[in-house]
Amino acid sequence: MTTSGGTRPDELGLMEKYICIHGHFYQPPRENPWIEAIERQESAHPYHDWNQRVSAECYEPNGVARILDAQGRIVKIVNNYARISFNFGPTLLSWLEAEEPETYARILDADKESVKRFSGHGSAMAQGYNHAILPLCNARDKATQIRWGVRDFIHRFGRKPEGMWLPETAVDLQALDLMAREGVKFAVLAPHQARRFRARGENPWQETATTGIDTSMAYEVELSGGRSMALFFYDGAISSAVGFQKLLSDGAAFVNRLMGGFSPAREHPQLVHMAVDGETFGHHHRFGEMALAWALDKIESDGGVRLTNYGEFLEKHPPTHQVEVWEESSWSCCHGVGRWREDCGCSTGSNPGWRQGWRTPLRRALDGLRDRLAPLYESCAGELLRDPWAARDGYIALVLERTPEALERFLAAHARTALDAAGRVRALKLLEMQRHALLMFTSCGWFFDDIAGIEALQVLQYAARAIQLAEDLFGKGDFEPSFLETLQEARSNRPEMGDGRDLYLRFVKPAAIDDLVVAARYAFRSLFQDLPARAGFYSYTVERGAWQTLAQGEARLVLGSCRLTSAVTTDTLDVELAAIRPANAPVDAKGGATPWNAQACLRHATGGGFSPEAEGDIRDAFAQGDFGEALRLVKGRFDAMRVEMQGLPEDEQREIFGILIAAAGAELGCLERQAFALVAPIVDVMPEFGMTPPPRFAGIATAHLHVRLLDEFRARPVHAGRIQSLVEEANARNVQWNRNALEPEIREVIERLARAARRAPCDPEALRDFAAAVRAERHLPFAVDLHEVQTQCYFLLRRQPAGWWRAAVEEARGGGEGAAACVEDLHTLGDLLAVNTECASEP
């Protein structure tokens with residue numbers, strides 16, 4: 001279509017229509033700051049922690065979102081991230097990179113795809129590093145938060161960010177100016193954050209309180225030094241409907257609501273755009289990622305409206321209007337930024353009657369700690385680093401890459417002179433103190449209803465780590481007492497929890513460990529697992545010196561020395577250790593020799609070199625089976641630190657029990673088969689005489705059939721007939737299947753076969769094994785979660801050459817045996833996994 005002059009409407013920019021959906025994907029940093037690992041969070045059950053749970057419910061599904069046909073079969077699996085605008089918190093991306101690499105790769109791939117889709121503009125936006133409320137930061141911290149966010153983005157996405165997400169969209173002009181200095185071109189705000197606007201070149205301003213603001217265009221905000229930035233104000237009504245009014249329960253209604261955002265009264269190109277927490281799509285609203293995928297597909301296929309991102313729209317349609325913003329405003333607090341410093345009345349609403357007066361003393365305590373540490377850092381770091389604050393800004397390079405090479409590059413850029421080992425450790429500890437002084441301002445510490453929540457306790461952990469480093473660097477002082485004095489004013493809504501000081505001493509201090517504790521945990525683990533002579537352990541490297549392990553039946557004695565080196569500060573600790581695991585025997589008269597009386601004891605290295613042979617009396621007592629005496633000698637001689645099973649964190653306990661269970665299970669299989677052969681004839685005949693087999697005998701039969709079922713699924717190929725017979729046999733014996741124990745292992749087997757078939761799409765044997773396992777699964781008396789298997793099946797079909805499906809069908813009809821088997825297996829997979837094979841196989 002052209003105008004009378006031969007020009008297309010889109011060339012004139014008349015009534016062009018665009019839609020952009022922004023997802024703000026974020027989780028607060030959750031790592032224990034002493035070991036740089038997330039510990040188990042019971043509230044996230046059945047997952048290990050909230051990162052893992054939200055990733056399973058949202059981040060992973062949005063990278064492989066399903067679109068179904070009328071029969072409920074998968075016709076498309078799409079990467080939602082490639083067609084929306086999005087930002088991920090840097091600390092969340094760091095976790096995804098380590099723990100969910102496939103999801104992480106899909107996020108990076110989506111940005112690359114969006115560059116091609118949206119005229120050279122990637123959809124990913126940067127974010128302030130650890131989601132601190134920038135208007136409440138001092139100028140120096142504000143700058144570092146922004147610079148770290150930008151550097152992290154460049155490191156991951158391989159390009160400079162065009163846009164940056166302000167945490168909680170909390171804004172002030174200083175933050176915008178710092179972003180503009182870093183090359184950021186635009187930000188996204190809530191409509192109520194616009195104060196007034198005017199067309200460029202006009203004098204009078206229009207107050208938004210009177211007229212509202214047209215959210216369908218970009219605006220320009222003037223900053224200091226002649227700088228400016230584009231601002232987008234999202235459609236508040238649509239965003240609220242998606243986030244809080246269950247609009248995602250109906251994909252068609254979602255599309256209609258977006259389309260309803262266009263107005264025929266506007267005479268300029270229109271952008272209908274919304275912004276919500278990314279977790280809306282799957283975590284807050286189950287299957288929200290599918291509604292999003294369907295809506296995006298519908299909008300694209302219907303035509304007339306173009307999906308876009310902010311960078312592309314900004315290039316095509318630069319601002320024609322100027323805007324001023326309400327400083328210290330945000331999207332989630334109608335009182336500005338009160339939610340992160342006072343009892344403003346904003347809360348989650350989950351606990352009626354609770355107050356948030358604790359927010360103010362928490363903020364004061366952390367501000368006071370920051371201000372106490374800053375001059376000490378500046379003075380001491382100034383002796384080692386040319387510009388302490390520039391070094392802090394540059395420290396993100398080391399946070400992202402903890403390698404000797406990265407450390408050399410950092411020191412070459414920032415050290416005053418070549419630093420010796422002690423100087424390096426001191427410099428790194430100073431920088432770590434500052435890193436944790438930044439992390440302790442993560443916004444979630446104030447967002448929720450009570451200071452006893454895991455989010456507030458997390459920011460207190462970061463404060464405790466900063467205090468610990470300060471005491472190490474500057475002496476004990478009164479860092480902690482003065483901090484706790486203010487924190488004592490922060491009272492929990494739960495009387496049994498007390499105040500902030502109580503919570504700190506009860507929950508935070510026990511989480512604080514030093515290098516000696518890590519060494520003791522390593523020594524304890526060595527009783528149950530053969531660890532390499534050089535191994536990573538938490539955020540440390542452990543290198544063994546002289547080392548000897550003695551065994552007597554199930555009992556173990558470890559005598560040795562090792563060096564711990566922190567991957568974060570490069571600090572080292574040399575220790576000598578003795579660890580003993582008594583045999584599985586009754587408690588003896590000398591003090592309790594049971595396997596759970598295992599202990600690891602340490603002492604600081606003596607400097608004379610350690611020899612296990614020198615501990616002859618310990619070795620002799622152990623060799624004679626006098627474990628109580630051996631334990632007494634160990635505790636008396638290695639007295640700097642002692643760790644017992646009960647004193648280990650839950651994750652470490654689970655790791656050890658996992659090792660023990662695996663070892664016991666390997667031996668148990670043979671015993672179970674022998675026991676079953678003994679009891680089966682009795683168990684089988686007793687019902688014929690109207691008698692019920694003893695529970696003990698029935699248990700043996702159940703355990704044996706469980707093992708046989710897993711063995712059948714591990715066979716190649718899996719025989720559905722044998723699985724069916726086994727299930728029938730179990731039914732005859734009234735066996736109750738333990739789904740919780742069996743399902744994860746069977747699922748893992750089928751997922752492994754699915755991945756193997758996807759990696760080798762032309763291998764008929766791999767396809768046969770995959771199809772056989774799925775056929776067999778249908779005979780089970782319990783459901784197996786095949787979500788990932790469906791995804792692998794879809795991409796197996798997509799990896800074939802264009803038109804291959806029709807060609808394979810024709811070849812099978814012509815009598816080709818190989819093609820016939822392939823087509824049959826693929827039909828089976830499609831039918832059983834609800835994948836539309838014909839649609840999925842077409843480009």
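In this tour, a residue counts as buried when its relative accessible area is under 20%, as exposed when over 50%, and as partly exposed in between, using a 1.4 Å probe and protein chains only. The model is predicted, so local features need pLDDT of at least 70 and side-chain atom pairs count only at pLDDT 80 or more, while totals for chains, interfaces and linings use all residues. Residues are numbered from 1 along each chain as its sequence is written, and side-chain values use heavy atoms, with hydrogens and water left out.

**Stop 1: helix H25**

Select residues 695-714, which make up helix H25. Helices (H or I, at least four residues) and strands (E, at least two) are DSSP runs, numbered from the N terminus. H25 has 20 residues and spans 29 Å from its first C-alpha to its last, close to the 28 Å expected at 1.5 Å a residue; the expected span is 1.5 Å times one less than the number of residues.

Which residues of H25 are buried? Show Ala 701, His 704, Leu 705, His 706, Leu 709, Leu 710, Glu 712 and Phe 713. These buried residues pack against helices H24 (650-685), H26 (720-732), H27 (739-759) and H28 (764-777), where contact means heavy atoms within 4.5 Å.

**Stop 2: the antiparallel sheet**

Next, colour the open sheet of six strands in the order S15-S16-S17-S18-S19-S20, with antiparallel pairing. Two strands pair if DSSP finds at least two bridges between them. S15 (534-537) and S20 (641-644) stand at the edges with a single partner strand each, so one side of each has no neighbour in the sheet. From one strand to the next, the twist averages 30°.

- S15 and S16 pair over four bridges, and Phe 537 has Tyr 540 in S16 as its bridge partner.
- The hairpin of S15 and S16 has two residues between the strands, and Tyr 538 in the turn has a positive phi of about 55°.
- S16 and S17 are joined by eleven bridges, with Arg 544 opposite Cys 562 in S17.
- The hairpin of S16 and S17 also has two residues between its strands, and here Gly 553 takes a positive phi near 65°.
- S17 (residues 555-566) and S18 (residues 572-581) pair over ten bridges, and Arg 556 stands opposite Arg 581.

Axes here are lines fitted to C-alpha atoms, for helices over the stretch in contact, and angles run from 0 to 180 degrees between N-to-C directions.

**Stop 3: the mixed sheet**

Move to the open sheet ordered S7-S11-S10-S14-S8-S9, six strands with mixed pairing. S7 (186-189) and S9 (206-207) are its edge strands, each with a single partner, so one side of each is left without a neighbour in the sheet. S8 (residues 194-199) pairs with S9 in the antiparallel sense over two bridges; look for Phe 197 and its bridge partner Gln 206. Helix H6 (residues 173-181) lies across S7, S10, S11 and S14, at about 115° to S11.

**Stop 4: aromatic rings**

Finally, select Tyr 18, Phe 186, Phe 232, Tyr 310 and Phe 313, which form one aromatic cluster. Rings of Phe, Tyr and Trp (its six-membered ring) pair if their centres lie within 6.5 Å. How many aromatic pairs does the whole structure hold? The search finds 30.

Arg 195 lies over the face of Trp 326, 5.0 Å from the ring centre, and Arg 363 over that of Trp 446, at 4.1 Å. A charge sits over a ring if NZ of Lys or CZ of Arg is within 6 Å of the ring centre and within 35 degrees of the ring normal.

Technical notes. Phe/Tyr/Trp six-rings, centres within 6.5 Å; stacked < 30°, edge-to-face > 60°.
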